[in-house]
Amino acid sequence: MTSARDDILANIRRSLGVTGAEAPRRSNVATRLENAPRGLIPARGQIDPTARVALFREQAERAQASVMEVARRADVPGEVARFLRDRNLPATIRIGADSRLAGMQWGETALEVSAGRSNGGDPNAVSHAFGGVAESGTLAMLSGPDNPTTLNFLPDNHIVVVAASDIAGDYETVWTRLREQVGKGTMPRTVNLITGPSRSADIEQTLLLGAHGPRTLHIIIVGESV
Amino acid sequence: MSVHATSPQFKENAHEALHDAALQKALNNMRTGFIERRALAAAELPEFEALRDSARDIKKHTLQHLDLYLEAYEKKVTESGGHVHFCRTPAEANAAVLAICKARGARTVTKGKSMISEEMGLNDALSRAAINPVETDLGEYIIQLRGEIPSHIIAPAVHLNKEQVEADFRRVHTHLPKDRVLTEPTQLLTEARGVLRERFLAADVGITGANFLIAETGTSIIVTNEGNGDLTQTLPKVHIVLASLEKLVPTLEDVSQLLRVLARSATGQDMSVYTTLSTGPRRPDDVDGPEEYHVVLLDNGRSAMLGGEFEDMLRCIRCGACMNHCPVYHAVGGHAYGWVYPGPMGAVLTPSLIGVDKAGHLPNASTFCGRCESVCPVRIPLPKMMRHWREREFARHLTPAAFRSGLRLWAFFAKCPALYRFATRIGMAALALFGKRSGRFKSLPLAGGWTDFRDMPAPQGPTFQARWTKEKRAR
């Protein structure tokens, strides 16, 4: 008996009327995988860096995230503390090993900081984004010890720090940067593209926030855009 | 085929659905919202129509080279430490999932939304093996409690009202106080969130579907709004992805094109909340994520659709826009279609997957208004393919005798234009005469299917052809 794999590939080839050995087909596929040509990119995000950050903010807010811009990295702990205080949330946060976060002066705030993945008991988490996409107000998060994926989903409130200079106009620019960092054809275990807080409209088409993931998403944009 | 199909009883199903007051109330909720939101999202993006062309072309290209992209994809999954299980049939796919679960001694499995799982009838297979499957998408969870299948591919519980959900929660969540208030959707959501959070943390295996598979990187993608799919695949030790062959796309750039039309067509969002790209199991220094990553890749008749008149159907990205815009779906809902996929896409796909002998009624459940094709993000010619099925059904003598002789009678007249004009003139004149007083008919012989639900207007003035001839002469 042939394997299911061989059977399925043979079936596909029979249906398409090919053998799989045709050089033009093989080169079509190899070229596309190698060059990864960009398709149509909406003009919306193709704007100067300052306007791009403004568009990112506008789009993220439309998706029900809250957004605050701060001038310097050093301002982040204070902004996290303010956000939690203003919403009457517990003054505790969980962060990963990201040096951009771990190195901050959390001691200057009254926040209780714990580190590592979440097991479900954390009210709040702070993560650092790899980048942002202005055209849809989307955050790009990479898995790993720096920013564990559980922090994106288990806590009720997710606070994400993103550098203004890492906000791109489109997804394609994020993929180019990612390839430069991890190598073409490889990926971290998980890339999360996040656009606003969790929601569901499964009951009578009524849109409700906080289905299974975070009920609130607060984005802190750090620094000038260039 | 593991899911029992009631598609052969489509007519009876539709009849019941039209008389189901609760269903009609629920369908009222969805008739306008989806359409308005999609239209708004499409209007806001000037490139939307061009992106639909781009999406269509990417899927066409991938299908033309599917064997080679599958090989490239499999190689990448393996390189990243994952496993691809090719499965010809739902039975093989169920066996593959069970083998993975058993190797881990799994008792509880959480599940993100997957239509392939419905195709496989996986929940039954798991239950028979004493493994407890827990659906975690809110809509899927609700219908699992009710022992139903989804009535919509992206809004599985769209056929229900909140009072029905409340009754189910009270029936099943018996550990919660009896006097709790559950009248508002937000209270129902909070209760489900609490109940399911415990399940996420306790599960041994997490099973998700896949919206796309990327050949370039060996990546699977899920697109959700709730975040349930992410908790499903991040917390347990094993992540199993269920996907069918046609989910393949070449590169990250290609998937970006498709993502730009997917959410806009489905819910009118620019992007769904969570678009998650997963590649292999957790890495050595990761502190969370699954230790094993498996992709169960199902064919179930799709490889035979390539190269034929139904190949275009394999472009479908399961946005649900066709059913959201379908007057037939709006009238009878999803369950009447009798199998996993309802609406126009189901009417084309179901006969391919379970046979036109069982699903022959579905391609007939269309007014051919063309709205489905006009909103399809990958421009699938759905009405044309429904016509293909009708031709096949007719050629295989599956249509009822009365229908065939009626059609033959019509064909006889249609082939003799003079006779046709004469007969219609007489018929129209007779109807006009009988209906003169009230201007409409409350009932007509042989047309009860129409007049039971609405009056038939009496013809006014001459026939179209007569007017056409007259006005052309006058010009």
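Author: Gladly! One definition to begin with: a residue counts as buried when its relative accessible area is under 20%. Please keep in mind that this is a predicted model.

Reader: Thanks! Is Tyr337(B) buried or exposed?

Author: The relative accessibility of Tyr337(B) is 1%. The limit for a buried residue is under 20%, so Tyr337(B) counts as buried.

Reader: Which residue forms a stacked aromatic pair with Tyr337(B)?

Author: The whole structure holds 8 aromatic pairs over all chains. In one of them, the planes stand 25 degrees apart and the centres 6.4 Å; planes under 30 degrees apart count as stacked.

Reader: Which residue do ring pairs link with Tyr329(B) and Tyr337(B) into a cluster?

Author: Ring pairs tie both tyrosines into a cluster. The residue that joins Tyr329(B) and Tyr337(B) there is Phe10(B).

Reader: Which strands stand at the edges of the open sheet of 6 strands in chain B?

Author: The strand order is E1-E10-E7-E4-E2-E3, with parallel pairing. An edge strand has a single partner, so one of its sides is left without a neighbour in the sheet. In chain B, the edge strands are E1 (83–87) and E3 (132–135).

Reader: How many bridges join strand E4 to strand E7 in chain B?

Author: Strand E4 (residues 205–208) and strand E7 (residues 238–244) of chain B run parallel. Gly206(B) stands opposite His239(B) in E7(B). The number of bridges joining E4 to E7 in chain B is 4.

How values were computed:
Residues numbered from 1 in each chain as written. Chains lettered and ligands numbered in written order. Predicted model: local features only at pLDDT ≥ 70, side-chain atom pairs only at ≥ 80, totals over all residues. Heavy atoms only, no water. Pairing = 2+ DSSP bridges. Helix = DSSP H or I, 4+ residues; strand = E, 2+ residues; numbered from the N terminus. Phe/Tyr/Trp six-rings, centres within 6.5 Å; stacked < 30°, edge-to-face > 60°. Buried < 20%, exposed > 50% of the residue type's maximum accessible area, 1.4 Å probe, protein only.
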